[in-house]
Amino acid sequence: MRAIPVALRPLALVALAMALAFAMACGGDSDTTTTATTTTTTSPQTPQQPAAAAAPEAATGIFSAPAQPDAAAMPQGSVPTTISDPVAEAKIERVVFALQSLTQEHNTPGRLGPPTNVQNNPMYEYLIGMDPVSGAWVPELATGWSIEPDGASIRFQLRQGIPFHNGWGEMTGKDVRHTWQDITHPEASHGNSGNLRRDVEDVLIVNDHEVIFQSPSPNAGLLWILTRQEQSILVQSKDNYDEVGVPNLTKPSIAGTGPYQELGRREGQYVRYERTPYEHWKLTPDFQELEIRWIDEASTRMAGLLAEEVHITTIPEDLQPQALESGMAVAQGNAAGLRTFLGWRFGARCPCTSDTRTQAPALDAPYKFPDAPLWDIRVRRALNQAIDRNEINEAFFAGKGQIMYKNHHHPTRPGWDPSWETRFDEFYGYNPVKARELLAEAGYGPDNPYEITLHLINLGHYSGSLDVVEAIAGYWRDVGVSINYNEEPHATRTARNRNFEYNNDAVITGTSSHILMGTRVYEIGNANPRVAAPEIPERDALYSEIARTLDAEKQADLLRQLGEISYLGFYDVPLFWLPPEAVFNPEFVSGYSFPGSVTGTWTHLELVRAAQ
């Protein structure tokens, strides 16, 4: 097993105060596109191409701490990029990236969630972007941002001269406000819709190139939501929306500002993009067209890669050796973020129905299933200690995964406690004898086996989640657990989960969320919306304090306290931090630089580079 480096510098981004301090250093009135070249506002139809940026340093690897840009050296509008040379002469017109089918397709980001917005990402940009190598925040459609005197609201200076696709004019403040209104629409179903309704009272348009997200109270997570990290504010043209209304799969998407613009889609098969006919303000992709093709079977994606019908894709570790022997290459994400774990479903406090899932229950409210077997901490610990994580890592991830000692927490993130690693073998390490003893203490045995329902979910975050679930089922059977499988369709499972109907279930999850979002979504009962994870009053109270805390040091200490409660309570099954990998054909693709730490994983598709 590869050891996790414990001496890495914690991320400075988690606290809003620190992020805003960086942003204020980026403020100003000029509009630049690189650290060396200043541009003036240009016509939306003929934006000026930025000068070539300096070649980036080599990626330090997925488990290195993301480095912060030097705020003092970064003028307003500076955007680090890996594009350092002219557009390559691609050998093919259309590059095809094959992925597993998504659980939902839609032409409106607000009707999707962060994991499924990979289908729309190529055509949209965000207020705050992410450096593809370090994972650090960088200015994108916003050139700077700062805290308002009320200590809660956030002011953004917008980049000037940015055109929407297909002649829909220049991006201004009204488009940012419209995008917020769309994602907070009553029919919006994005994972952050509820948070943006609650945490933003309005988006005030100061002028065409300045807006204020008006917040009722300090919120440490609000700025995160407005970045590419959480894929919420994908800025869209208000004029286009006003003319055509809410798009669906039979109508084109609302115009964006990204390096690619929409070309068309066929439901269940693909979505296609073409690069903008003008020189994009940030970069021009190497390929004339990009196609995201939906192929569920890994063997079929592999066959397409070898047949040169697919040029880049994701495949399980067991197929990678064959791919590499056939001359393929691998691109790995650069920043720690992608992980997989099992979440319990049993501990919802009332009221807990689909109609009340956006309402925080009282800390002393009764539980819907007070007698659920998973309330017994001995059962939760036994199920953890029955799993041989090292064996699963070698079998399905070729040893590339890192053991997750505490879910959502990583040595590069605030609130890390090194003792979680040193205590892990005692509390979570593979020990089937201890697991049987714990189950026996809880009253279970050969004549009265403990039963649990495992959900069979084919995750889009990485290949092979069904194999991982089957392996875990085998370990649990080995200690006397009886397994039931849930094979419900995604829509049915989602509806039942939102109605808090599961009371003795384990659900495999893949996510790339940052620490605030991860803990809020997967651990907290007063989150918005709730996801039916164990709702523990002590955790909820602590998180409420974390969300109001803008002091980085204090927030890190609170996150450590929250992590310790979860660690000792065995409130989930931590598995692995994973290096997201894309396999490509070097005959057509020379590389792909992406952080891999974003919910949904596959971002920065404009950085799929053509082979020379």
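This is a predicted model: local features need pLDDT of at least 70, side-chain atom pairs count only at pLDDT 80 or more; totals for chains, interfaces and linings use all residues.

**Charged residues, buried and exposed**

Let me begin with Arg 228, which is buried, because its relative accessible area is 3%.

The side chain of Arg 228 meets that of Glu 140 in a salt bridge, with an N to O distance of 3.4 Å. This pair links distant parts of the chain, since Arg 228 lies in the loop between α4 (222–225) and α5 (238–244), while Glu 140 lies in the loop between β3 (137–139) and β4 (142–147), and the two are 88 residues apart. Glu 140 also counts as buried, because its relative accessibility is 3%, where the cut-off for that word is under 20%.

A second pair to look at is Arg 349 and Asp 540, which form a salt bridge whose closest N and O atoms are 2.8 Å apart. Arg 349 and Asp 540 are both buried.

Now consider Arg 198 and Asp 199, which form a salt bridge with their closest N and O atoms 2.9 Å apart. In this pair Arg 198 is partly exposed, because its relative accessible area is 38%, whereas Asp 199 is buried, because its value is 8%.

Salt bridges can also join into a network, and one such network links Arg 94, Arg 272, Glu 289, Glu 291 and Arg 293. Over the whole structure, the search finds 30 salt bridges.

Asp 388 is placed in the loop between α8 (377–385) and α9 (389–397), and its side chain reaches the backbone nitrogen of Glu 391 at 3.0 Å.

Finally, let us turn to the surface, where Asp 318, Asp 467, Glu 470 and Glu 487 gather in a patch of negative charge. Of these, Asp 318 sits in the loop between β11 (312–313) and α7 (320–325), and it counts as exposed because its relative accessibility is 57%, where the cut-off is over 50%.

Notes:
Residues are numbered from 1 along each chain as its sequence is written. Side-chain values use heavy atoms; hydrogens and water are left out. Patches are made of residues with over 30% relative accessible area and no salt bridge: like charges are joined within 9 Å, nonpolar side chains (Val, Leu, Ile, Met, Phe, Trp, Tyr) within 5 Å. Accessible areas come from the Shrake-Rupley method with a 1.4 Å probe; for residues, only the protein chains shown count as cover. A salt bridge is a side-chain nitrogen of Lys or Arg within 4 Å of a carboxyl oxygen of Asp or Glu. Lys and Arg count as positive and Asp and Glu as negative; His and the chain ends are not counted. The place of a charge is taken as NZ of Lys, CZ of Arg, CG of Asp or CD of Glu. Helices (H or I, at least four residues) and strands (E, at least two) are DSSP runs, numbered from the N terminus. Buried means under 20% relative accessible area, exposed over 50%, partly exposed in between (1.4 Å probe, protein chains only). A polar contact is a pair of N or O atoms within 3.5 Å; within protein, one must be able to donate a hydrogen and the other to accept it, and residues adjacent in sequence count only if both atoms are side-chain atoms.
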